[in-house]
Amino acid sequence: MKKIGLCIICCGWAAKDLYEPAFRFLKNGRIVAAMDIDEPKARYVKELYDIPKCYTGLDSLLEDKEVEAVVVLTPPYTHSEIVVRAAEAGKHVYCEKPMAPTVKEADLMIHACRKSKVKLMIAYMKRFNRSFRLVKDLIDNGRLGGVFELRETWDNARVGKSKGGYRLRSFSGGGFLQEDGSHPLDIARWWLGDMEEVNAYMMIVAPDRHETEDLACVTMKHKNGAITTLHITMVTHMKGEERYELFGTKGTLAMRWHYHSSRSPEQAMIHLYRRSREVQDLTLDSSWNPLSELRENWQYLRELEHFCECIIKDEEPYCTGEDGRAVVEIVN
């Protein structure tokens, strides 16, 4: 089996935690290099995954012929320059969400990849999560009838003092809605189609801790007439919650996690309600073996495998630059 030569760009938390099963179990790709401007971080990840080479700058990395594609895990305000340079060097691009702080930057990324004829995939991993894909199939197959409303809740408890991450600083271009909120915004568009109107109230509840928004209430009208509302905050003293409720003419579906889908291989609790009396449990089974669950279903692994397959087969990724741009436009 052909394996695509990949380079990790940015060797921080995501490379060490979220993507570890993906980098260890990936079948159609191999990590041939790691790059970080902080050399100790690059060397740590190099040793962690037994990677042959590490770099501290883009120039030498992009000259490496073994590197066929880059996995961009840097903060979003750096994406545009990295992606454009990688594309100009003929490297395919897998870019973490959100795509960029502005539509202009997203357009530059799309244009550069299209001009160089390289793949551009935006890493919205929930599109590769079994629970989200099950709900997508239920919508597309008409099990809910005509879906006229989606209610989304995404709360993540961060009420303690910040350690100074970029997400809470103004130079990042946006805060909690841009970062965590990009997930439910992509889900809404993926499930119910493009937006026609967007309205929102946003606040900075804790200006002593955050320079960017930590609360948003967003209302969106889809082109098909459906309405989506998103309530999102990081200022909650509860554990945090991720919940989706779909209202259709044939049924109402509720999907939720005890905490959040991003960090857990556990599947969502999914229940379909009809006529106020019937309740159908559609929760998917998970393996008793956590390692098997990671190998077979870990969303980050599934999306990275898909990206490599698109390169090998010369196919369009499931989540394109245009998909990433659409979320940036909503946030802006």
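Helix α9 (residues 182–192) lies across β7, β8, β9 (215–222), β10, β11 (240–248) and β12 (252–256). Its axis runs at about 165° to β7; axes are lines fitted to C-alpha atoms, for helices over the stretch in contact, and angles run from 0 to 180 degrees between N-to-C directions. Helices (H or I, at least four residues) and strands (E, at least two) are DSSP runs, numbered from the N terminus. The model is predicted: local features need pLDDT of at least 70, side-chain atom pairs count only at pLDDT 80 or more, and totals for chains, interfaces and linings use all residues. Residues are numbered from 1 along each chain as its sequence is written, and side-chain values use heavy atoms, without hydrogens and water.

R189 lies in helix α9. At 15% relative accessibility, R189 counts as buried (under 20% relative accessible area, with exposed over 50% and partly exposed in between; 1.4 Å probe, protein chains only). Not counting residues up to four places away in sequence, R189 touches R127, D194, M195, H222, E322, D323 and A326; contact means heavy atoms within 4.5 Å.

The open sheet is formed by 8 strands in the order β8-β9-β10-β7-β11-β12-β13-β14, with mixed pairing. Strands β8 (195–203) and β14 (278–281) stand at the edges, each with a single partner strand, so one side of each lacks a neighbour in the sheet. Neighbouring strands are turned by 10° against each other on average, direction ignored. Two strands pair if DSSP finds at least two bridges between them. Strands β7 (residues 147–156) and β10 (residues 227–233) run parallel and are joined by 7 bridges. In β10, L230 is the bridge partner of E152.
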